[in-house]
Structure formats: C-alpha cells, structure tokens
Amino acid sequence: MMMLKKGCCSLLLLLGLVRGLASTSPSTGKTLVSGKKVVVVGGGPVGLYFAALMSQKDPTVQIEILEKRTGKSVNAFGLGVGHRMQNRLNDIPGLCEKAIEISATVESLNIPLVDRGDLTRQMSSFVLDKFGSNCQLALGEECDSVDFENKSIITNTGRTIQYDLLLAADGVNSKIRQKLVEKEPETFQEQHYLENSHWKALSLPKQPDIGKGSFKPLRHPSIASGRVLPKAPEGHVLLLFWRDEHGIDNPMGIETTEDLKQMITDAMRDKNTRGVNPLRKLLGLEQGDSHKSDRVVVFEEAALEAFISQRAGRSHHLKINQYHYQDSVALIGDSAHAMNSLLGQGCATGLESTHTLVQCLLGEEETTMEKALSRYTELATKEAHAMTELSLINYAIKGPLTILKALPLILLNMLRGRGLLKRLVDISVPFSQIAKENKSLLKMCRRKFEKQRRAFAN
Ligand SMILES: Cc1cc2nc3c(=O)[nH]c(=O)nc-3n(C[C@H](O)[C@H](O)[C@H](O)COP(=O)(O)OP(=O)(O)OC[C@H]3O[C@@H](n4cnc5c(N)ncnc54)[C@H](O)[C@@H]3O)c2cc1C
C-alpha cells in the first residue's frame, strides 16, 4: 500500500512536471540562449519548428539553419498532420495554418495530408517572414564535420561556423549523432534497427474514378501493403511497402516503368484474388478474379522513372539513451528517435520533444546550459521511447496466430475506453501512459520484432 502511494505520488509529481513544461506562455526574461548563436543542422519540419518556437520565446537568439536539399522531390510522400502535430504547431500563432495551407484531407481519417516538400517550404517561408531578423536559412549547405571541443562545424562550402548550441535536426541518418556515438560509445548507447520493410511513394495525376480524399488500399503479390492517398492541389500519391523477400530496390518483378504501370493497375483494381476471404467465397459473397474491374490508371512518365531509380526507404527503429552532449549539442526529431510510419506519430514526437527542449532552454533560476540539456534528455527520452515502443504495434497484425493473441488485449482496452487510436488523438494523454496501458500487447510485439529486426549499419 505504501509502495502504491509512493508510486501515485511520483506519478502525480511527474504529471505536474510535464504539465508545467507544457505551458507555452511567452517568456518574459532572459533565456539560456539569449544573444547566443544556435546552429540547426537540418531544415526538416522539426528543425524549422525549433527555429520558430525558440525565436518566439526569445528574439535575441541568433539561429542559423543549414539544409542540404534544394529542389522539389518528384515522389515526395505526404505527412498526416494529426492532432498532436497540430497542437504543437499551434504553439506559434499562424504556423499550423501556414503548414497545412497546401494540403488534402484523408476523408476517412479526417486529417490533412501535406507533401513533405510543401510542408518544409511553407514552414521555411513562415520562419523567414516572421523571424527573419534573427533566423537565417542556408539552403544547399551541408554540415560536413563537427569539432565538438571548439564548438564549430565546417560546411560543404568550406565555411566554418562557431556555435554556442548545435542542434542535430539532420534526420534518422544523422551524421552528428553518428559522430557522438563514435566519440563516446559509453555515453551514447544506441539501439538502431531496421524493420523488414521497404517503401517508396509514387505521384499520380488526377484519376478519372478515384475520390479526392481516397484512402484506398492497394493489393498485389509484389507488395505487403499500400494505399492511394490524396495529394494537394490535385492528384494522388501512392505509398507502397514491401518486405526483403519481395525485393530490395523495387518490389519483386518491377524493373521497368512498364512493369510498374502493370503492377499499379492490378493493385488498384477493386477486387483482387489476394485478400479474398475464403469463407465469403464459399458463401458466394466474393468471387475473386471474375469480378475484377478494369480500372484505367493515368500515369506521369517522370514520376514512374524517378520511382524506379530512387533508393527505397527503410523503416527504422531508433532509441538512444542520451539526447545531449555536455552544454553544447542536442539531438532533436528523427536524429534522436525514429519509428515506422504506421501510427503516423514520428514528426509529432519530434515536435513534442523539441517543445520540451525549448521549455528547458527558457531556464529556471540558477540553471546552467548543461543542466537544462540534461533535463531535456530526462524528459524527452521517456516520451519518445514510449512512442517508439508503441509503433511496434504493427507486429500485432502480422500473421493469423499473432492477431488471435493480440485481439483480446486490443478489445479489452477498447472496452475500458482506452483504445490505442482513441488515446493517440487525445493530446492530454502522454505517450508513456498509452504504452503503460498496452504493456502486455507491446511485450508480445517486441518479441516478434526482436526475431525479425536487423541491426542498422551505416
Ligand atoms: C512514409 C512515411 C510516412 C510518415 N508519415 C507520418 C505522419 O503521417 N505523421 C507524422 O507525424 N510523421 C510521419 N512520418 C515521420 C516523419 O516524416 C518524420 O518523423 C519527420 O520528417 C522527422 O522530421 P525531422 O525534421 O526530424 O527529420 P527529417 O524530416 O528527416 O529532416 C532532416 C533534414 O535534415 C537535412 N540534412 C540531413 N543531413 C544534413 C546535413 N549534414 N547538413 C544539412 N542538412 C542535412 C535533410 O536534407 C532533411 O531535410 C512518416 C515517415 C515516413 C517515412
């Protein structure tokens, strides 16, 4: 009983702490970065969110963002801007509206989907318009090396930039994280794995008979799963996933644009032999091939060619025990934590942990930079690790035996009013709480994941 009371007390304390940190009221006094130089490596959604939020809290901070990419990617995937992501973007008045200005709604999920390129372009222009006096963005400039002791980086243009604080917002293949892990393997303990899943996206122009807000599933023996998603201002984007045994660079049997066209046309048919329920077939409710519709699919040659030649994306599972180095480096977003895209919470988690970092940088009395960054690690790892673990839920739907075992656990939580998806849209529930509520299910999923995962090699 004492132990129970003690547990409740610490939970209350923790909730209080998280609530306290969640407050986004503008800071009035000095922060730990007032008048200092912060270099953000990576102009993805998380790096840009940091620039906007930190500038809003403290306009004296000097922020320079380096982004190695320039042009538009032909087959960019769409990011679902769910409740949690919108909640964090709303920290800065006008940012959420700007971010989803060029979006298409997935009707069945009722969330806006934004092309990743459009999202970062919109966010960059917002940051420069609103905070251009203290924020700079260097497009096409890449961080090549870091001197952690002298607090400087060298870019691909040969420029040396001194920093007071370096933010690694350089994505899941973060060079900065890799350098820290090599430098101090005892301090930075990384669990980095690849799931057995490859993915690519394909842009399609407007189709004659596919609804604007489509979430249509794709079925074909060459892929494990896929969806037709909406794309703004018009058209669609297909997201295809396949496993190793179905190919590495492209799904099995897909070598030319003609192969790809045929596969997509088959996968978009309304009825398909794969996925036909034998029981329904036995009852005469489903007839397989004989009911295939002859859908006409319109393609864009440039998108097909880019699809074939692009490298396939991988699903990462990344946890690292520490998100900061001394008093001068912090990892944010996918460079600190990464997960598969099933629950669509990767970016939302990145914004959440960045929000925690900014709150820590506001600084309480007598806090040093090192203490603030260490607090960031303490608070952000808890939530991000929980969300990364929750993303393993995809293993509950792999194989009939697993589904049978998982189903009662899923139903039980739903009956208790704690269905996973319902909890994920409730922004007041921390990820750590949702992970706790699904402990047994996640344990089962982890066992399956550990059997199938591969260690990540650079
Ligand atoms: C198919 C798919 C669907 C997804 N769907 C969702 C979703 O619906 N909702 C959601 O919340 N999340 C989703 N995610 C996850 C989301 O995309 C990521 O979590 C998010 O993009 C992470 O943002 P980031 O800024 O941390 O990293 P990134 O988006 O990876 O950006 C990192 C940036 O750093 C740049 N960079 C890298 N190295 C350097 C360098 N050395 N110098 C300069 N610049 C550098 C890169 O060019 C890049 O622009 C999805 C992911 C995938 C793969």
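How many helices and how many strands does the secondary structure of the protein chain come to? In this predicted model, the secondary structure of the protein chain amounts to 15 helices and 18 strands, where helices (H or I, at least four residues) and strands (E, at least two) are DSSP runs that are numbered from the N terminus. Residues are numbered from 1 along each chain as its sequence is written, local features need a pLDDT of at least 70, side-chain atom pairs count only at pLDDT 80 or more, and totals for chains, interfaces and linings use all residues. Side-chain values use heavy atoms, with hydrogens and water left out.

The confidence of the predictor in each residue is expressed as pLDDT, on a scale from 0 to 100, and the protein chain averages a pLDDT of 88, with 88% of the residues scoring at least 70. Over residues 1-27 the pLDDT is below 50, and this stretch has 22 contacts in the model beyond near neighbours in sequence, a contact being heavy atoms within 4.5 Å. Over residues 276-292 the pLDDT is likewise below 50, and here the contacts beyond near neighbours in sequence come to 12.

Of the 458 residues in the protein chain, 51% are buried; buried means under 20% relative accessible area, exposed means over 50%, and partly exposed lies in between (1.4 Å probe, protein chains only). Among the contacts in the protein chain with a separation of 6 or more, 73% are accounted for by residues 24 or more positions apart. The protein chain exposes about 22,000 Å², of which carbon and sulfur atoms supply 54%; accessible areas come from the Shrake-Rupley method with a 1.4 Å probe, and for residues only the protein chains shown count as cover.

Helix α7 (residues 257-267) contains several buried residues, namely Thr 257, Leu 260, Met 263, Ile 264, Thr 265, Asp 266 and Ala 267. The elements that cover the buried residues of α7 include β11 (190-204), β12 (216-217), β14 (236-242) and α9 (301-309). Because Glu 258 and Lys 261 are three residues apart in helix α7, about one helical turn separates them. An α-helix has 3.6 residues a turn, so residues three or four places apart point the same way.

Met 263 of helix α7 is also among the contacts of Ser 222, which, leaving aside neighbours within four places in sequence, touches Trp 242, His 246, Pro 251, Met 252 and Met 263. Ser 222 is placed in the loop between β12 and β13 (225-230) and, at 6% relative accessibility, counts as buried. The C-alpha atoms of Ser 222 and Leu 240, which are 18 residues apart along the chain, are separated by 9.8 Å.

A search of the whole structure finds 21 salt bridges. In one of them, the side chains of Lys 319 and Glu 389 meet at 2.5 Å, N to O. Lys 319 lies in strand β15 (residues 313-320) and Glu 389 in helix α11 (residues 369-390), so this pair ties together parts that are 70 residues apart in sequence; both Lys 319 and Glu 389 are buried. In another, Arg 88 and Asp 91 meet through their side chains at 2.8 Å, N to O, and here Arg 88 is buried with a relative accessible area of 5%, while Asp 91 counts as buried at 9% relative accessibility. A network of salt bridges links Lys 37, Glu 64, Glu 141 and Arg 159.

Phe 77 lies in the loop between β2 (62-67) and β3 (78-80) and Trp 199 in strand β11, so the pair ties together parts that are 122 residues apart in sequence. Phe 77 is partly exposed, with a relative accessible area of 28%, and Trp 199 is partly exposed at 24%. Ring pairs also link Tyr 193, Tyr 395 and Phe 449 into a cluster.

Terms used
Rings of Phe, Tyr and Trp (its six-membered ring) pair if their centres lie within 6.5 Å; planes under 30 degrees apart count as stacked, over 60 as edge-to-face and the rest as tilted. A salt bridge is a side-chain nitrogen of Lys or Arg within 4 Å of a carboxyl oxygen of Asp or Glu.
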